[in-house]
Amino acid sequence: MTRHVIIGAGQAGLQIVESLRKEGFSGEIALIGDEASAPYQRPPLSKKYLLGQITAERLLFRAPEHYGRLGVELRLSTRVTAIDPAAHTVTLAEGSQLEWDRLALATGARVRKLGVPGAEDPRVHVLRGVEDAEALRQGLEQAARVVVIGGGFIGLEVAAIARKLGLEVKVVEAQSRVLPRVVAPLVSTFFHELHTGHGVRILLDQQVAALVPSADALTVQTQDGTVIPADLVVVGIGVLPNTELAEAAGLACDAGIVVDEFARTSHPHIVSAGDCTRHRNLLFAAPHRLESVQNAVDQAKVAASTMLDAPVPYAQVPWFWSDQYDVKLQMVGISTGHDSLVVRGVPGPDGFSVFYRSGDRVIAVDSINKPAEHMAARKLIAAGGQCDPERLADTSTDLKTLLQ
Amino acid sequence: MPKVVFVSPGGARRELAIADGWTLMEGAVQHNVQEIAAECGGGCACATCHVFIDPAWLSKLPAPAAAEQDLLDCTAVPRQENSRLSCQLKLTPELDGLVVMLPERQT
């Protein structure tokens with residue numbers, strides 16, 4: 001019987017399985033994950049879960065009995081140690097081998113480590129998996145002073161939760177503004193003021209030099225000599241794609257597993273999807289790597305289509321979101337290469353949207369507390385992004401009418 | 001646990017027990033109700049967990065907040081008077097027997 005094997009039981013891995021079955025594949029499927037939990041949602045880890053509002057059971061994508069019904073062999077707490085592309089096998093940590101007809105790599109990403117002295121102290125936390133989140137949640141219960149290293153999405157979401165829990169919070173960012181790589185300066189300013197308004201102290205242009213442990217504090221030292229004592233430190237400085245298995249198997253990698261618009265790796269019978277891929281999307285000229293739910297789900301559907309020899313190319317508009325305090329940021333498109341901005345509304349609590357334009361096209365939109373504008377923006381960008389900037393900026397014009 | 005009846009566009013009925021305090025969307029997704037997409041995972045951010053509430057039950061639900069009202073204008077199948085986003089509806093014992101109809105599509 002035909003057997004397809006998926007390495008990685010995250011959002012992309014599960015979506016590949018579901019799509020294979022939905023498209024009628026009736027052979028064997030093995031889904032292999034190195035975490036103990038059945039596939040679960042990661043976004044709430046830095047939001048509701050960290051705040052203690054939902055349990056781990058509520059993070060699960062599917063009830064446990066679902067996997068039996070789907071006819072999937074779900075192998076948890078199982079690490080794959082090698083792929084043999086010529087023999088069509090994978091080797092598991094305990095030594096056994098699994099044969100496959102098609103293989104999918106949904107190996108995800110892992111946190112980038114802070115390479116300074118003291119970074120291995122147990123008071124240093126990261127946030128990627130549910131076990132990280134649980135350790136951090138328990139750590140926050142014991143802490144009064146929290147230092148967050150990194151002013152990106154994870155760092156700022158954790159800062160917001162720590163403030164909600166009543167803790168003293170400082171954020172240390174190496175660049176000159178928060179969210180430096182992903183949003184326009186005016187959006188960075190909005191989030192900076194949002195956090196300082198909630199009592200967070202943000203230190204910009206500060207490189208961490210060392211974490212100095214003592215009995216009653218872990219002190220963050222920056223390169224200019226600033227010292228910040230903490231009870232708990234959270235490091236959120238980005239992720240690295242898990243490419244080791246692919247590289248060892250001789251698959252092309254370039255800061256990500258290289259795949260084409262059909263999610264095919266350099267081996268014709270191995271696909272890859274999700275955070276681990278450097279991929280082609282027909283909507284963009286250059287390949288890129290994205291860490292998002294949207295990419296995991298949509299690229300996984302492409303990967304499944306390729307595994308079933310009915311390939312459908314990847315051509316989906318990316319979208320992202322972040323929740324901080326009572327503010328919801330929703331982003332659509334990729335703003336890289338924009339040459340002008342249109343702001344709709346006034347940056348503030350009532351919400352606004354920022355349109356990133358390249359020439360006469362809107363290529364990305366950030367919406368703050370404007371979910372309906374975000375949904376309209378998705379359609380606008382999918383339709384090519386042509387739009388009169390004066391009407392975009394006019395809040396009396398319903399965005400939905402611009403699409404008709 | 002409150003039981004909820006999901007009616008698919010073709011008329012098929014499926015009864016699911018959903019834990020008290022969970023949202024209608026969470027229960028549906030964990031039990032693989034394919035007609036609920038819930039792209040944003042329950043953040044009232046995407047309008048892909050749209051359902052129609054059996055009119056007999058409509059008055060037993062809390063009214064939608066402003067964000068849900070806005071998003072109900074963005075559903076793939078146009079909203080009706082009994083439209084709600086299932087991620088915003090928490091199950092309580094009083095909702096035992098709730099009947100909801102699923103739309104043809106969510107995106």
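**Note on a predicted two-chain model**

1. Val235(A) is buried, with a relative accessible area of 4%. Apart from neighbours within four places in sequence, Val235(A) is in contact with Arg112(A), Leu114(A), Val124(A), His125(A), Val126(A) and Ile149(A). Pro347(A), by contrast, is 112 residues away along the chain, and the C-alpha atoms of Val235(A) and Pro347(A) are separated by 29 Å.

2. The confidence scores should be read before the details. The model has an ipTM of 0.91 and a pTM of 0.96. For chain B the average pLDDT is 95, and 100% of its residues score at least 70.

3. The contact between the two chains comes next. It involves 25 residues from chain A and 22 residues from chain B. The size of an interface is often given as the accessible area lost when the parts come together. Here the area buried between chain B and chain A is about 1,800 Å². Carbon and sulfur atoms give 48% of that area. On the side of chain B, the residues that lose the most area to chain A are Gln30(B), Glu39(B) and Cys74(B), which together make up 30% of what that side buries.

4. Arg84(B) is found in strand S4, residues 83-85 of chain B. Its side chain reaches the backbone oxygen of Pro62(B) at a distance of 2.7 Å. With residues up to four places away in sequence left out, Arg84(B) touches a set of residues that includes Cys49(B), His50(B), Val51(B), Pro62(B), Glu68(B) and Leu89(B).

5. Aromatic rings also pair in this structure. How many aromatic pairs does the structure hold over all chains? There are three. One of them joins Phe190(A) and Phe352(A) in an edge-to-face arrangement, with 5.2 Å from centre to centre and 70 degrees between the planes. Phe190(A) lies in helix H5 (residues 185-197) and Phe352(A) in strand S24 (residues 352-358), so the pair ties together parts of chain A that are 162 residues apart in sequence. Both phenylalanines, Phe190(A) and Phe352(A), are buried. Together with Phe191(A), they form one aromatic cluster.

6. Helix H5 of chain A also contains His192(A). This histidine is partly exposed, with a relative accessible area of 22%. Not counting residues up to four places away in sequence, His192(A) touches Val178(A), Ile202(A) and Leu204(A). Leu51(A) is 141 residues from His192(A) in sequence, and the two are 21 Å apart in space, C-alpha to C-alpha.

7. In chain A, Arg378(A) lies over the face of Trp319(A), 4.2 Å from the ring centre. In chain B, the charged end of Lys60(B) sits over the ring of Trp57(B), at 5.3 Å from its centre.

8. Most residues other than glycine have a negative phi. His88(A), although not a glycine, has a positive phi of about 55 degrees. His88(A) is found in the loop between strand S4 (80-84) and strand S5 (89-92) of chain A. Tyr325(A) is also a residue other than glycine with a positive phi, near 55 degrees. Where is Tyr325(A) placed in chain A? Tyr325(A) is in the loop between strand S21 (319-324) and strand S22 (327-333). Tyr325(A) is buried, with a relative accessible area of 11%.

9. The last point concerns an exposed residue. Glu131(A) lies in helix H3 of chain A, residues 130-142. Glu131(A) counts as exposed because its relative accessible area is 59%, and the term applies over 50%. Glu131(A) and Glu35(A) are 96 residues apart in sequence, while their C-alpha atoms are 8.9 Å apart in space.

Definitions and conventions. Residues are numbered from 1 along each chain as its sequence is written. Chains are lettered from A and ligands numbered from 1 in the order in which they are written. This is a predicted model: local features need pLDDT of at least 70, side-chain atom pairs count only at pLDDT 80 or more; totals for chains, interfaces and linings use all residues. Side-chain values use heavy atoms; hydrogens and water are left out. Helices (H or I, at least four residues) and strands (E, at least two) are DSSP runs, numbered from the N terminus. A polar contact is a pair of N or O atoms within 3.5 Å; within protein, one must be able to donate a hydrogen and the other to accept it, and residues adjacent in sequence count only if both atoms are side-chain atoms. Contact means heavy atoms within 4.5 Å. Rings of Phe, Tyr and Trp (its six-membered ring) pair if their centres lie within 6.5 Å; planes under 30 degrees apart count as stacked, over 60 as edge-to-face and the rest as tilted. Buried means under 20% relative accessible area, exposed over 50%, partly exposed in between (1.4 Å probe, protein chains only). A charge sits over a ring if NZ of Lys or CZ of Arg is within 6 Å of the ring centre and within 35 degrees of the ring normal. pLDDT is the predictor's confidence in each residue, from 0 to 100. Buried area is the accessible area (1.4 Å probe) that two parts lose on being put together, summed over both.
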